[in-house]
Amino acid sequence: EVCTPVTRHKITVLDAATNQVVEPQTFEVGRILHNEFHFPPTSASTGTSIDRVTVVSHEAHRLEWVLDWKVPVVGWTLLHTNRMQWLSLLEGGGTRYECCLTYEGLLLPIVKWFTWQKAQLSLQAAADGLKYKCES
């Protein structure tokens, strides 16, 4: 399990073929992420997602994963999310952390209505916590 206490996420890495927990818990393209999360102030799990790792670049310090729900018969996208995270070196020796989360699909208005503000607060808290930890 990879736990990120700042954002209160619990991520377990699974093998895509067997859906079994893999050791070591490392991100590799094609692996599945079972992501349990909650939005503050509650500490109970408020949701889960099953995501697929699409990019792991140690050279570019970049990680991406997607969630893709489609209606199989007609091919409509109910919900597609793409989360990208990367680090870049700044002149003068600093490091920049960037995160981008995109949503699209038929369920977007419903997801946005119920979670958008909490998701923004959660992502900002993660960024602030990471910045504090890195600068301490």
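Me: Why does Glu-64 count as buried?

Reply: Glu-64 has 12% relative accessibility. Buried means under 20% relative accessible area, exposed means over 50%, and partly exposed lies in between (1.4 Å probe, protein chains only). Glu-64 falls under the 20% limit, so it is buried.

Me: What kind of model do these values come from?

Reply: This is a predicted model, in which local features need pLDDT of at least 70 and side-chain atom pairs count only at pLDDT 80 or more, while totals for chains, interfaces and linings use all residues. Residues are numbered from 1 along each chain as its sequence is written, and side-chain values use heavy atoms, with hydrogens and water left out.

Me: How confident is the predictor, going by the mean pLDDT of the protein?

Reply: pLDDT is the predictor's confidence in each residue, on a scale from 0 to 100. Its mean here is 77, and 82% of the residues reach 70 or more. Over residues 1–7 the pLDDT is below 50, and this stretch has 17 contacts in the model beyond near neighbours in sequence. A contact means heavy atoms within 4.5 Å.

Me: What pattern does the protein follow along the sequence?

Reply: The pattern reads β-β-β-β-β-β-β-α, which amounts to seven strands and one helix. These are DSSP runs numbered from the N terminus: helices are H or I with at least four residues, and strands are E with at least two.

Me: What makes the pair Arg-62 and Glu-64 a salt bridge?

Reply: A salt bridge is a side-chain nitrogen of Lys or Arg within 4 Å of a carboxyl oxygen of Asp or Glu. The closest N and O atoms of Arg-62 and Glu-64 are 2.8 Å apart, so the pair meets the 4 Å limit. Arg-62 itself has 26% relative accessibility and therefore counts as partly exposed.

Me: How many salt bridges does a search of the whole structure find?

Reply: It finds two. Arg-31 is buried at 14% relative accessibility, whereas Glu-28 is partly exposed at 40%.

Me: Where is Asp-51 found, and which residues is it in contact with?

Reply: Asp-51 is in strand 4. Leaving aside neighbours within four places in sequence, its contacts include Arg-31, Asn-35 and Trp-65. Asn-35 belongs to strand 3 and is buried at 6% relative accessibility.

Me: Why is Trp-76 called exposed?

Reply: Trp-76 has a relative accessible area of 53%, which is over the 50% limit, so the word applies. Trp-76 sits in the loop between strand 5 (62–70) and strand 6 (77–89).

Me: What makes a nonpolar surface patch of Val-74, Trp-76 and Leu-106?

Reply: Patches are made of residues with over 30% relative accessible area and no salt bridge; like charges are joined within 9 Å, and nonpolar side chains (Val, Leu, Ile, Met, Phe, Trp, Tyr) within 5 Å. Trp-76, at 53%, is over the 30% limit, so it qualifies on area. The patch comes to about 340 Å², with areas from the Shrake-Rupley method and a 1.4 Å probe, where for residues only the protein chains shown count as cover.
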